[in-house]
Amino acid sequence: MHSALAALIFVATLIAIVVRPRRIGEAWSAAAGAVLMLLTGAVNLGSALAAIGSEWNLFLFFLGLMLTAAVADMAGFFDWAASLAAAAAGGSGRRLLFNIFVLGAVITTFLSNDATAIILTPVVYSITTRLRLRVMPYLFAVSFVANAASMTLPISNPINVLTGDRLRAPLAVYESHLLAASLASIAITLAVFMAVFWRTTGRRFDFDWRSALAAAAGDRTFFRFVLAGLGLLALAYVIGSAMLLPLGVIAVAGGGGLLAIASARRRVSSEHLRAHVSPALFVYIAALFVLVRGVQDAGITAALVSGGVAHARDSASAVVAGLLGTAVTSNLVNNLPAILVFLSGAQAGGVPAGLRTPFLFGALAGADLGPNLTPVGALSTMLWLVIVRRRGLEVSAWDFLRLGALVAPLTLIAAGVLIALSFR
Amino acid sequence: MRILVLVDGFHTGELLNTLGRLVSLQEAQLLLVYVEGPGPRTGLDLVRRRPGGDRLPPHRARELGEVELERGASALAEAQNLARPMVGSVETMRVRGEPGRAVCDFAALERVDLIAIRAGGRDQPLLGPRSLGPIARFVSDHSPCPVLLLRADR
């Protein structure tokens, strides 16, 4: 009875997150679900607080990322980088697609996939609109590379931080299992994009790159400080990952440092910070931890995961089980709840000790790459597309889904094979 | 004759040249219309649709509005330059809305005699059952006046 109630609340909450009834944000649906878990006794308050408190590293990491992205945006870093990509394209729309792709991969690697998908996209929209190019191929490129490149470093996706806290794998070990898979995913996604959009991006453009670069970095001193700060932060992330230091602390220290620079240069704007730092995201994540703790305490996550790995006999099959499990679940709900369920199940004894590491690496790859199937990793995209069609808007969003159907299986297969081989 | 030409900013030269070969433009009045449609913004919303991606920073929202205006103005200026040597009178107009509906509404309002529009969309085949783009299809279905669908010479 107890476990059935916890499962019911969990599933109902996930449906509310996906469907967004009456446009209620996912944070508030998740919070309502978490409160229900507490009220029904599926989780006690102490257990809920422990579930949230034990993930302090992830919360700090998100905060640090948001502050860093906000200051980088205030300094014009993203505009400058996109202008550089346009300048290097030499007037070729195709080369610009390639450059935007590379830029997205670099920003994802060092500032996370969310920074790429949320902050770089409007910048790319702006520059391609100004250059009178077709906007959609470039926006799609940014969105897809944000997922394709999100395995490269432990900081490239908050999900990696979450999984990394369980794996406790130093950078060398992490890269020995995931670097080849990450590079292969980026290369495959790029190749598909260049092939699919070859004709569409054939238009040439004129670009006054000198004035664009100068305009992007308006306050030169501030811009240089921020650029140097971002370089130092990237280095600190690499060193921290190698030494297994808490990445959340590094992120907050870096973001705080950049914010101090912005304050000293009188460049901080409260409306800018409000736009970048989203308290609702913290509510969403905290609520998800409570919800997952509820189903974990009821023994559901362990049962689910042990069912998924029942046929796994060796590392390779454990990688595949983890990868497929999170890839599929990420597209049904969202990759954050998906990975939480799998991590919880593995932690609660759902995976044999000898297969736990390959299973978790597979699960991480599935949660990072899987979202490219339905672009934001949720069924909600499908529902949204239906609404958009009803409104009669001409948007090539179905192209987006078709691209996902092409890119996601290819990258998942390549990643699965390469990660499995890394355990030989 | 008042002819409404939908300018998309990508195929203007091709569109006007084909129109000029088919219709005597010396006595015609061309109304070049650029529609600021919701498509690209909808695409931006789609790719930013993840937790934390709901709002654009205010400076970015302002900037996007400006570049959209710039794009429309530049597309219309280009079209006007190309059309001037071909016709007696050219007017330009920028309207907002879903492109197909906006063109039909504007054509009715301005009492135009003919709408000239590119037949194919971005991914449409040149010929066959799906060769009409969504905007051309909507305009063909709902136009208050005759519609000239112009295909690329291939």
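A nonpolar core, as I use the term here, is a set of buried Ala, Val, Leu, Ile, Met, Phe, Trp, Tyr and Cys residues joined through C-beta atoms within 7 Å. With that in hand, on to the structure, which is a predicted model.

The largest nonpolar core has 150 residues. Within this core, A:V142 and A:V290 have the most contacts. Helix α4 of chain A, residues 56-74, gives the core its largest share, 12 residues. Take A:V290 by itself. Beyond its neighbours within four places in sequence, A:V290 is in contact with A:A34, A:M37, A:V43, A:A48, A:A51 and A:I52. There is also a second, separate core, of 34 residues. Among its members are B:L6, B:V35, B:A75 and B:I115.

Next, the sheet in chain B. Five strands form an open sheet, and the order is β3-β2-β1-β4-β5, with parallel pairing. At the edges are β3, 89-96, and β5, 147-150, each of which pairs on one side only. From one strand to the next, the twist averages 25°. One pair to look at is β1, residues 2-7, with β4, residues 114-118: the two are parallel and share 3 bridges. In that part of the sheet, B:I3 stands opposite B:L114 of β4.

Last, confidence in chain A. The average pLDDT is 88, and 94% of the residues score at least 70. Helix α6, residues 93-111, has the highest confidence in the chain, at 96. The lowest is in helix α20, residues 379-390, with a mean of 51. Over residues 390-395 of chain A, pLDDT stays under 50, and the model has 15 contacts beyond four places in sequence for them. Where pLDDT is low, the predicted coordinates should not be read in detail.

Technical notes: Residues are numbered from 1 along each chain as its sequence is written. Chains are lettered from A and ligands numbered from 1 in the order in which they are written. This is a predicted model: local features need pLDDT of at least 70, side-chain atom pairs count only at pLDDT 80 or more; totals for chains, interfaces and linings use all residues. pLDDT is the predictor's confidence in each residue, from 0 to 100. Helices (H or I, at least four residues) and strands (E, at least two) are DSSP runs, numbered from the N terminus. Two residues are in contact if their C-beta atoms, placed from the backbone, lie within 7 Å. Two strands pair if DSSP finds at least two bridges between them. Axes are lines fitted to C-alpha atoms, for helices over the stretch in contact, and angles run from 0 to 180 degrees between N-to-C directions. A residue is buried if 20 or more other C-beta atoms lie within 10 Å of its own, exposed if 12 or fewer, and partly exposed in between; C-beta atoms are placed from the backbone.
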